[in-house]
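Q: I am new to this structure and would like to learn how to read it, one feature at a time. Could we look at it together and begin with a single residue and its neighbours?

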Amino acid sequence: MRYFLEFSYKGTAYNGWQKQNNALGVQQVLEEALAKILRLPIEITGSSRTDTGVHAEQQFAHFDLENRIEDEELLIYKLNGLIPRDIAMRRVIKVPDDINSRFAATHRKYEYRITRQKNPFLTDLAYLLKADLDIERMNEAAALLLQYNDFESFSKIHTQVNNFRCTITEAIWLDSDDMLIFHIRANRFLRGMVRALVGTLLDVGKGKRTVAEFEQVILSKNRKVAGAQAPAEGLFLVEVGYDFI
C-alpha cells in the first residue's frame with residue numbers, strides 16, 4: 001500500500017529536507033514519528049528537497065505499508081501531536097503503488113519573499129532588504145527565463161543530475177506594500193537554483209547587471225558567472241502539483 005503525506009514546515013530549525021548523519025532534517029523527524037505510531041520502520045520519499053532554512057507551505061512525500069491504514073484522520077491527529085510545532089501534517093492519501101511523489105509531480109512553485117522594513121513577525125520568514133530596486137528591469141530579466149531551458153548557471157556545482165534542463169512557466173516579481181515577492185513555477189528545479197536566480201536578479205535590480213548581461217549569464221552555463229545565493233529564510237516551496245490530487 002502506498003500513501004502520500006501532505007504537510008508544511010518552517011525550515012529554520014532544520015538542515016533542509018533530507019535526513020543526514022550529523023544534522024537534523026525534516027525527513028528524519030517524520031520517519032521517526034511514523035515509525036513510533038505505526039510500530040514499523042518507515043522510509044519516506046519527498047517530492048522536493050529544500051535546503052537548510054528553507055520553508056515549505058506545501059510539501060508531499062510517499063511511504064509504503066503492507067496493510068491499509070484503517071483511520072487516516074486518526075493518523076494525522078497522532079502525527080500532529082508527536083511532531084514539533086514547526087511541522088504540520090495536513091492529510092494522508094492512498095495512491096496507486098507505482099506513483100512516486102518526486103517523479104509524478106507535474107510542477108513545483110516557489111516564492112521568494114523580501115521585506116522592506118524590519119518586522120519581528122517576519123524574522124526567519126523573509127529577507128530584509130532596504131535597497132532601492134528597479135522592479136521593472138528585474139521583471140524584464142525574469143521574463144527571459146521562459147525562453148530558455150538550460151539553467152546550469154544557477155545550479156550548485158558537483159550535483160548529480162543527468163541534465164540541467166527545466167521548463168519555467170512563471171517568473172515574475174510582484175510588489176505589495178512592504179513586501180516584494182518573486183513567483184517562479186517550473187516542472188523541476190536544480191539544487192540552489194531559485195536562490196541563485198534571485199541573487200542574480202537582485203543584481204539587475206540594483207543596477208549591477210543589465211538585462212542583456214543577465215541573459216549572458218544564462219547562456220554561459222557557468223555558475224561562477226551568476227550572482228550569490230539569496231539568503232535561505234526568504235524561500236518558500238508553496239505548491240507541488242499532481243494530476244490526481
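A: To read the surroundings of a residue, we look past its neighbours in sequence and ask what else it meets; in this predicted model, A228 touches R195, A196, G199, T200 and R223, once residues up to four places away in sequence are set aside.

Q: What does A230 touch, and is A230 buried or exposed?
A: A230 also has its place in the loop between α5 and β9, yet its relative accessibility is 3%, so A230 counts as buried, since buried means under 20%. Leaving out residues up to four places away in sequence, A230 touches Y112, R195, V198 and G199.

Q: Which residues have a positive phi although they are not glycine?
A: The general idea is that most residues other than glycine have a negative phi. Here R39 has a phi near 60°, a positive value, and K221 likewise has a positive phi, near 55°. R39 lies in the loop between α1 and β2, where a relative accessible area of 75% makes R39 exposed. K221, by contrast, is found in the loop between α5 and β9 and counts as partly exposed, at 42% relative accessibility.

Q: What is the volume of the largest pocket, and which residues lie nearest its centre?
A: A pocket can be read through its volume, its lining and the kinds of residue in that lining. The largest pocket has a volume of about 1,100 Å³ and is lined by 39 residues, of which S48, R49, R102, F189 and R191 lie nearest its centre. At least two lining residues come from each of β2 (45-46), β5 (107-115) and α4 (193-205), and α4 gives the most, with three residues. By kind, the lining of the largest pocket divides into 12 nonpolar, 18 polar and nine charged residues.

Q: Which elements supply at least two residues each to the lining of the second largest pocket?
A: These are α1 (26-38), β3 (55-64) and α2 (72-82), with α2 giving the most, three residues. The second largest pocket has a volume of about 330 Å³, and its lining is made of 18 residues, of which L38, L40, L65, R68 and I69 lie nearest the centre. This lining divides into 10 nonpolar residues, one polar residue and seven charged residues.

Q: Let us step back to the whole chain: how many helices and strands are there, and in what pattern do they follow one another?
A: The protein chain has five helices and nine strands, which follow the pattern β-α-β-β-α-β-β-β-α-β-β-α-α-β when read along the sequence. Its radius of gyration is 19 Å, close to the 18 Å that the globule rule gives for 245 residues, so the chain is as compact as a globular protein of that length. Along its principal axes, the C-alpha trace spans about 60 × 40 × 35 Å.

Q: What percentage of the residues count as buried, and what percentage of the contacts join residues 24 or more positions apart?
A: Of the 245 residues of the protein chain, 50% count as buried. Among contacts with a separation of 6 or more, 73% are between residues 24 or more positions apart.

Definitions and conventions:
Residues are numbered from 1 along each chain as its sequence is written. This is a predicted model: local features need pLDDT of at least 70, side-chain atom pairs count only at pLDDT 80 or more; totals for chains, interfaces and linings use all residues. Side-chain values use heavy atoms; hydrogens and water are left out. On a 1 Å grid over the protein atoms alone, a cavity is a set of points where a 1.4 Å probe fits but cannot get out, and a pocket is an open set with protein on both sides within 12 Å along at least five of seven lines; lining residues have an atom within 4 Å of a point. Grid points are joined across faces, edges and corners, and a volume is the space filled by probe spheres set on the points. Helices (H or I, at least four residues) and strands (E, at least two) are DSSP runs, numbered from the N terminus. Ala, Val, Leu, Ile, Met, Phe, Trp, Tyr, Cys and Pro count as nonpolar, Asp, Glu, Lys and Arg as charged, and the others, Gly among them, as polar. Contact means heavy atoms within 4.5 Å. The radius of gyration is taken over C-alpha atoms; the globule rule is 2.2 Å times the number of residues to the power 0.38. Buried means under 20% relative accessible area, exposed over 50%, partly exposed in between (1.4 Å probe, protein chains only).
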